[in-house]
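Welcome, and thank you for opening the viewer. Let's walk through this model together, one selection at a time.

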Amino acid sequence: MRDAEFTEPQEEFRTTQERVYYQVRDAILRGQFLPGMAITIRGLAAELDCSPMPVREALRRLTSERALELSDTRRVTVPTLTREKLDEICAARVALECQAAAQALPFVGEEEMGALRALDDRVTFALEKKDIQEYVTANLEFHFTLYRLGHPHIILSLIESLWLQTAPLQHLVFQRFGVQELPDRHQDLIDAIASNDEQRVRTAIRQDIEEGLGSISAEELLSV
């Protein structure tokens with residue numbers, strides 16, 4: 001728990017429960033929790049300077065979203081993934097994210113393109129510097145900045161759930177094998193968006209997911 005970094009929410013929340021849920025969820029998405037890690041209510045409460053109750057509720061919600069697992073002994077852990085489950089998540093992400101990107105396409109203007117290009121520059125710089133944490137953060141913001149443009153409320157929640165399930169594994173692979181060999185399909189995606197070519201947008205999204213998440217080898221999975 002001492003290695004996790006909890007960012008402050010960018011918006012005001014009405015309750016401590018909402019704040020704690022956001023902070024733990026954000027930490028998972030940004031790779032602050034690794035597969036197999038045990039999570040204790042007391043430990044999280046101390047880190048977040050709150051009582052155990054909002055932590056317990058946050059863990060309950062995240063368990064229902066499959067970001068965390070509850071064992072038979074009532075122990076909360078970060079899940080590990082099998083090859084079969086990873087392949088299924090990859091296929092689901094391709095379907096959902098291609099649709100979300102296609103829905104966003106009509107809403108991308110000059111200002112939105114500028115924001116996406118700036119985020120892609122951050123991703124590229126992070127890859128060049130082999131900065132894992134910055135890559136994870138910038139890549140996350142790039143994708144969700146695009147997807148939110150189409151206001152896909154139901155699809156977005158499903159995408160977020162899938163990212164929550166894979167973020168710990170991806171971050172662990174990055175730590176062990178680095179990010180210098182990761183493919184970057186963002187420029188292909190930006191070019192497709194600029195051309196207003198939906199099929200190319202879908203292709204770039206599919207390749208980005210399959211060459212990243214889908215390329216995690218059996219050896220890398222076994223090393224978790």
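**First stop: a residue in a helix**

Start by selecting T166, which sits in helix α7; helices here are DSSP runs of H or I with at least four residues, strands are runs of E with at least two, and both are numbered from the N terminus. Before going on, please note that this is a predicted model, in which local features need pLDDT of at least 70, side-chain atom pairs count only at pLDDT 80 or more, and totals for chains, interfaces and linings use all residues. Residues are numbered from 1 along each chain as its sequence is written, and side-chain values use heavy atoms, with hydrogens and water left out.

Is T166 buried or exposed? T166 is buried, with a relative accessible area of 0%; buried means under 20%, exposed over 50% and partly exposed in between, using a 1.4 Å probe and protein chains only. Now show what surrounds T166: beyond its neighbours within four places in sequence, it is in contact with L81, L86, I89, R93 and L213. Contact means heavy atoms within 4.5 Å.

**Second stop: an enclosed space**

On a 1 Å grid over the protein atoms alone, a cavity is a set of points where a 1.4 Å probe fits but cannot get out, and lining residues have an atom within 4 Å of a point.

Select L29, Y135, V136, N139, L140, W163, A167, Q170, H171 and F174 to see the lining of the second largest cavity. Which helix gives the most to this lining? It is α7, with 5 residues. By type, the lining has 7 nonpolar residues, 3 polar and no charged. Here Ala, Val, Leu, Ile, Met, Phe, Trp, Tyr, Cys and Pro count as nonpolar, Asp, Glu, Lys and Arg as charged, and the others, Gly among them, as polar.

Next, select D26, R30, R122, E134 and E141, which are linked in a network of salt bridges. A salt bridge is a side-chain nitrogen of Lys or Arg within 4 Å of a carboxyl oxygen of Asp or Glu, and the structure holds 12 of them.

Look at R30 and D26, whose side chains meet at 2.9 Å, N to O; both residues are buried. R30 also forms a salt bridge with E141, the closest N and O atoms being 3.9 Å apart. That pair links distant parts of the chain, 111 residues apart: E141 lies in helix α6, and R30 in the loop between α1 (16-29) and β1 (38-39). R30 has a relative accessible area of 16%, while E141 is partly exposed at 27%.

Move on to E141 and R122, which meet in a salt bridge of 3.0 Å, N to O. R122 is in helix α5 (residues 110-129), 19 residues from E141, and is partly exposed at 29%.

**Last stop: the whole protein**

Finally, zoom out to find 10 helices and 3 strands. Buried residues make up 47% of the 224 residues.

Key:
On a 1 Å grid over the protein atoms alone, a cavity is a set of points where a 1.4 Å probe fits but cannot get out, and a pocket is an open set with protein on both sides within 12 Å along at least five of seven lines; lining residues have an atom within 4 Å of a point.
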